[in-house]
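Hello,

I am passing this structure on to you, and my notes follow below it. Please have a look at it before you read on.

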Amino acid sequence: MSISIGIHDLSFATGQFVLPHTALADHNGTEIGKYHVGIGQESMSVPAADEDIVTLGAAAAAPIIARHGTDRIRTVVFATESSIDQAKAAGVYVHSLIGLGSATRVVELKQACYGATAALQFAIGLVRRDPAQEVLVIASDVSKYELESPGEATQGAAAVAMLVATNPALVRIEDPSGLFTADVMDFWRPNYRDAALVDGQESIGAYLQAVEGTWKDYAEQDGRRLEEFAAFCYHQPFTKMAYKAHRHLLNYCGYDTDNDDITRAVGQTTAYNTVIGNSYTASVYLGLAALLDQADDLSGRPVAFLSYGSGSVAEFFAGTVVAGYREHLRTKANREAIEGRTPVDYAGYRELHEWTFPTDGGDHATPEQTTGPFRLAGISGHKRIYQTR
Ligand code: CAA
């Protein structure tokens, strides 16, 4: 019998500030129904000037270290598409901020929003090779589009940290996976740009194509039947996308699409993403957190995951929720992370959106805005300086 490996613990962090979509709609004259109903977004997390993917990732990982210690963690895989350095892995800063030992390998992974699923699968491979080890997977992203662009309403920021281990307390990840890659230009960010470029409608089509492609492969690999799943965690660039994707999958499989069935399958996975916004690599795992925090007992039930990363790479796979998982959830902390954000008005959001460090190599301190456990204090000689509170 193969050993049971999966998500032993899951914790997340999000940005200091929150912009309600009503403020964005007031500014740009959009009918609020387009945001609340059309794309399914209520508000977006906005990081402080002294936050970035490192401080968010460390804040997500610290509670996992506090609960499980560092002894068995020999690998950190940091997935992001809003990387802060072309050479150094952001996870190396996190490794130091959360006090991991020097006998650790740390690496950064990139393939748009799919990166964290690659990290999870690679982590499972490492744990299978040496079941005594645990792997810390961190998915951390700040989603940024141009001001006044269609993508602006789908911005957000969050990090999810997951401890991958044998005999997991939350979700056992199963074989097989359904895989799909297609070379498309639906969403990308050249190295010289801070904000992503996107062809919105093309990206929705590419996502739906990947839903079909991954399911086709999953079925060919003898995966579970569609009816077996208790819920479906989709990547959520905006929460309406989960509904579109599930409708597409049902149609592709020859089922009628009943709105209530779709809501039953995806509704509880959208609660955190609808108020946080797109968190790229973290999004599908925020979907899992929201599901586990809200659903009636899912013990022993299979849950489906569809991870999509523009460009594009996607994976469909299953996890079985482990009996007793509710004792290990972080529901209270998760809600506090969301409710503890400071509301920002449109002018304040715009200032944060436009904030960048000078690139002259001088000493530049950041304003002290975040109240989180870690902060980006500034930059000096082109080096980022982090602080622990
Ligand atoms: N009341 C209710 N609904 C309304 C409305 C109103 N007053 N006004 C418009 N709507 C509906 C529209 O009918 C539409 O719904 P359907 O798609 O179900 O028809 C929805 O609101 C959005 O309207 P538009 O398509 O006109 O919106 P848009 O062109 O301004 O942009 C978007 C939408 C393309 C998603 C844009 O926000 C965008 O480019 N986002 C970034 C890209 C993205 O998220 N792509 C998703 C797939 S790629 C991916 O998943 C990777 C990733 O993370 C980026």
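**Around Val135**

Val135 touches Thr75, Val77, Ala123, Leu126, Val127, Met162, Leu163 and Val164, leaving aside residues up to four places away in sequence; contact here means heavy atoms within 4.5 Å. Before going further, please note that this is a predicted model, in which local features need pLDDT of at least 70 and side-chain atom pairs count only at pLDDT 80 or more, while totals for chains, interfaces and linings use all residues. Residues are numbered from 1 along each chain as its sequence is written, and side-chain values use heavy atoms, with hydrogens and water left out.

You will find Val135 in strand S6 (residues 134-143). Helices (H or I, at least four residues) and strands (E, at least two) are DSSP runs, numbered from the N terminus. With a relative accessible area of 1%, Val135 is buried; the cut-offs are under 20% relative accessible area for buried, over 50% for exposed, and partly exposed in between (1.4 Å probe, protein chains only). Gly324 is 189 residues from Val135 along the chain, and their C-alpha atoms are separated by 22 Å.

**The strands beside it**

Strand S4 (residues 73-79) pairs with S6 in the parallel sense over six bridges, where pairing means that DSSP finds at least two bridges between two strands. Within this pair, Val77 stands opposite Val137 in S6. S4 also pairs with strand S5 (residues 105-109), again in the parallel sense, over five bridges, and there Val76 stands opposite Val106. S4 is mostly covered, with six of its seven residues buried.

**A three-stranded sheet**

Elsewhere, three strands form an open sheet in the order S15-S16-S17, with antiparallel pairing. Strand S15 (364-365) and strand S17 (383-388) are at the edges and have a single partner strand each, so one side of each is left without a neighbour in the sheet. Strand S16 (residues 374-380) pairs with S17 over six bridges in the antiparallel sense, and the bridge partner of Phe374 in S17 is Thr388. Helix H3 (residues 53-68) lies across S16 and S17 and runs at about 150 degrees to S16. For such angles, axes are lines fitted to C-alpha atoms, for helices over the stretch in contact, and the values run from 0 to 180 degrees between N-to-C directions.

**Two helix pairs**

How do helices H6 and H7 cross, and at what angle? The axes of H6 (residues 200-220) and H7 (residues 240-252) come within 10 Å and cross at roughly 45 degrees. That makes H6 oblique to H7; angles under 35 degrees count as roughly parallel, over 145 as roughly antiparallel, 65 to 115 as roughly perpendicular and the rest as oblique. On the H6 side, the residues in contact include Ile204, Leu208 and Trp215, and on the H7 side they include Met241, Ala245 and Leu249. By class, this contact of H6 with H7 has nine nonpolar, one polar and three charged residues. Ala, Val, Leu, Ile, Met, Phe, Trp, Tyr, Cys and Pro count as nonpolar, Asp, Glu, Lys and Arg as charged, and the others, Gly among them, as polar.

The other pair is helix H10 (residues 283-294) with helix H11 (residues 331-339), which pack at an angle of about 125 degrees with their axes 10 Å apart. H10 and H11 are therefore oblique to each other. Ala289, Asp293 and Gln294 of H10 meet Thr331, Asn334 and Arg335 of H11, a contact with one nonpolar, three polar and two charged residues.

Best wishes
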